[in-house]
Number of protein chains: 2
Amino acid sequence: MPEMKRSERALIIIGGHEDKEDKKLILRAVAERVGSGKLVVATVASQQQEELWTEYERLFRGLGVRHVYKLSVDSREDAKSEASVRVLEGANGVFFTGGDQVRITSQLGCSPVCQRIQEIYESGGVIAGTSAGASVMSETMMVSGNGDETHRLGAGLQLAPGLGLIRGIIVDQHFAERGRLGRLVAAVAQNPRIIGIGIDENTAVIVERDQKFTVLGEGGVTIVDGGSMTYSNLTDEETDRALSVFDVKLHILSQGDVYDCQSRRPKPEAAEVIEEELMGAT
Amino acid sequence: MPEMKRSERALIIIGGHEDKEDKKLILRAVAERVGSGKLVVATVASQQQEELWTEYERLFRGLGVRHVYKLSVDSREDAKSEASVRVLEGANGVFFTGGDQVRITSQLGCSPVCQRIQEIYESGGVIAGTSAGASVMSETMMVSGNGDETHRLGAGLQLAPGLGLIRGIIVDQHFAERGRLGRLVAAVAQNPRIIGIGIDENTAVIVERDQKFTVLGEGGVTIVDGGSMTYSNLTDEETDRALSVFDVKLHILSQGDVYDCQSRRPKPEAAEVIEEELMGAT
């Protein structure tokens, strides 16, 4: 059973600052899914690619991953190069480091490297990303917007197309730590079709079957579901005004809790465990 | 009509850092309600009572309030003294400065001064407060709890009995600026009977008829309504765990928007204006 589970594709979306010193729960989850396979660390989001590579190589090797490779990209040329594509050959895991999410999408978007990453995912691999590497997972991604304030209509919330590995959600990271409720609500209000997923530091969601995710780690995951929204002043022309949004549904999830993006329903850890046991028993 | 309005009692609950330099919208609203009456500035929350008094006296005099008096309390003795009670004589407005909310309640609670403030309110006065002075308005008040993180079960959210001028709500201030969603949700989850009202800096709610409030100022007011809550892990014994809370209703209100604490419904500014005009026309 555990072996089967590991061959199911998964996204591990991490809110930044995952523990690298102590139990390393989240990085361990990535390592376990890669198992005896091959993990590629993509440092493309960062301008300190060497430092990040050195750190994550050490970490993943320490967690038992024997085949760890570096994907360092600094231009669209790099993303098209045969060398880059070759690095991904046979990989069953890709880990995106933090940095600037637009460095990832502008360089990898519509490249053979991106195509290969998609294939790795579709053939049962794990794609993980922390901070900027978390933001790129969705169709539309959060790029920038102020933290620690209620969103202002003229405040220039910046969204961009992400890698599109998962549909129907938008991810924000360093969520509680940087007070990002305002900008996530603003993103969701633009089109409540997408569910806002705010992930705290040292916290991750593990998405399975493109639909359900489980929370792992120390902090919380805040879900902003705008499906029930009755009003917003988003199209108001007064740009100096604060955003009004009524009747948004909010969930805060902690470790072990599960959220189903299709039914838009959360489930506490205990309920999920019981259900899985029942399913195992039949 | 406007004259009548001013004789209705009101609470002006301010999220801290109200503008003191520019348009002074919020302090102006306090001054206008006091009108030609008498305003008492209560600096009791602070340990810098003289500095605050000097500043607010200048501000309120500049805004046209001719009778501005100081209520400086440093002990329960002060709160019981005839001098303190006399300061409040004939006042139709009280303004609580910021500082430590427990300094207000522990010194004024069950004192003749507190009794007088209650009477001023009941006879149509305005009671205003900023920051700590905002927190004390409710029955149960927020004292402390971490900002910028999802609430942790063992994190020592501290609540205390407030002045009780308004029932059914709990106020948090400096709300978006200090990332206080986690602690406000945690407070509401303890008993969803109370509605969480998170007020940003330079933003206020003006409560009329003990029930409905209007937002004034630059930022937002975040309402956490736990009436629809379906689950929380609040009573879990694992104290190092993050709080899970499902199905909380969230509203973000901006200037002019109205919230009815009884029906638990928000209304956009425009709808409220139209309604008032219709009422005026009948």
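Me: Leaving aside its neighbours within four places in sequence, which residues is Lys20(B) in contact with?
Reply: Lys20(B) touches Leu27(B), Glu55(B), Tyr56(B) and Leu59(B), once neighbours within four places in sequence are set aside. One thing to keep in mind from the start: this is a predicted model.

Me: Good to know. Where is the place of Lys20(B) in chain B?
Reply: Lys20(B) sits in the loop between strand E1 (10-14) and H2 of chain B.

Me: And does Lys20(B) count as buried or exposed?
Reply: Buried. Its relative accessibility is 19%, and buried means under 20%, so Lys20(B) counts as buried.

Me: What about Lys24(B), which loop is that one found in?
Reply: Lys24(B) is in the loop between E1 and H2 of chain B. Its backbone is worth a look: phi is positive, about 50°, although Lys24(B) is not a glycine.

Me: What follows H2(B)?
Reply: Gly35(B) does, and its phi is positive, near 60°.

Me: At what angle do the axes of H2(B) and H3(B) cross?
Reply: At roughly 70°, and the axes come within 9 Å. Angles of 65 to 115 degrees count as roughly perpendicular, and H2(B) and H3(B) are therefore roughly perpendicular to each other. The crossing is right-handed.

Me: Which residues meet there, between H2(B) and H3(B)?
Reply: From H2(B) you have Leu27(B), Val30(B) and Ala31(B), and from H3(B) Tyr56(B), Leu59(B) and Phe60(B). You've already come across some of these names: Leu27(B), Tyr56(B) and Leu59(B) are among the contacts of Lys20(B).

Me: Now chain A. How do the axes of H2(A) and H3(A) cross?
Reply: The axes of helix H2 (residues 25-34) of chain A and H3(A) cross at roughly 70° and come within 9 Å. That makes H2(A) roughly perpendicular to H3(A), and the crossing is right-handed. Leu27(A), Val30(A) and Ala31(A) of H2(A) make the contact with Tyr56(A), Leu59(A) and Phe60(A) of H3(A).

Me: Changing topic: rings! How many aromatic pairs are there over all chains?
Reply: The count comes to ten aromatic pairs. One of them is Tyr56(A) with Phe95(A), which is tilted, with 4.8 Å centre to centre and 45° between the planes.

Me: Why does that pair tie together parts that are 39 residues apart in sequence?
Reply: Because Tyr56(A) lies in helix H3 (residues 49-62) of chain A, while Phe95(A) lies in strand E4 (residues 93-96) of chain A. Both Tyr56(A) and Phe95(A) are buried.

Me: And in chain B, how far apart are the ring centres of Tyr56(B) and Phe95(B)?
Reply: They are 4.7 Å apart with the planes at 45°, so this pair is tilted. It links distant parts of the chain, with Tyr56(B) in helix H3 (residues 49-62) of chain B and Phe95(B) in strand E4 (residues 93-96) of chain B, 39 residues apart. Both Tyr56(B) and Phe95(B) are buried.

Me: Nice. Which ring does the charged end of Arg9(B) sit over?
Reply: The ring of Tyr121(B), 4.6 Å from its centre. Lys38(B) has a ring too: it lies over the face of Tyr69(B), at 4.5 Å from the ring centre.

Me: Last one: which strand does Ala160(A) lie in?
Reply: Ala160(A) is in strand E7 (residues 158-161) of chain A. At 19% relative accessibility, it counts as buried. Leaving aside its neighbours within four places in sequence, Ala160(A) is in contact with Glu139(A), Thr140(A), Met141(A) and Val143(A).

Key: Residues numbered from 1 in each chain as written. Chains lettered and ligands numbered in written order. Predicted model: local features only at pLDDT ≥ 70, side-chain atom pairs only at ≥ 80, totals over all residues. Heavy atoms only, no water. Phe/Tyr/Trp six-rings, centres within 6.5 Å; stacked < 30°, edge-to-face > 60°. Helix = DSSP H or I, 4+ residues; strand = E, 2+ residues; numbered from the N terminus. Buried < 20%, exposed > 50% of the residue type's maximum accessible area, 1.4 Å probe, protein only. Lys NZ or Arg CZ within 6 Å of the ring centre and 35° of its normal. Axes fitted to C-alpha atoms, helices over the stretch in contact; angles between N-to-C directions. Parallel < 35°, antiparallel > 145°, perpendicular 65-115°, else oblique. Left-handed = near helix turned anticlockwise from the far one by under 90°. Contact = heavy atoms within 4.5 Å.
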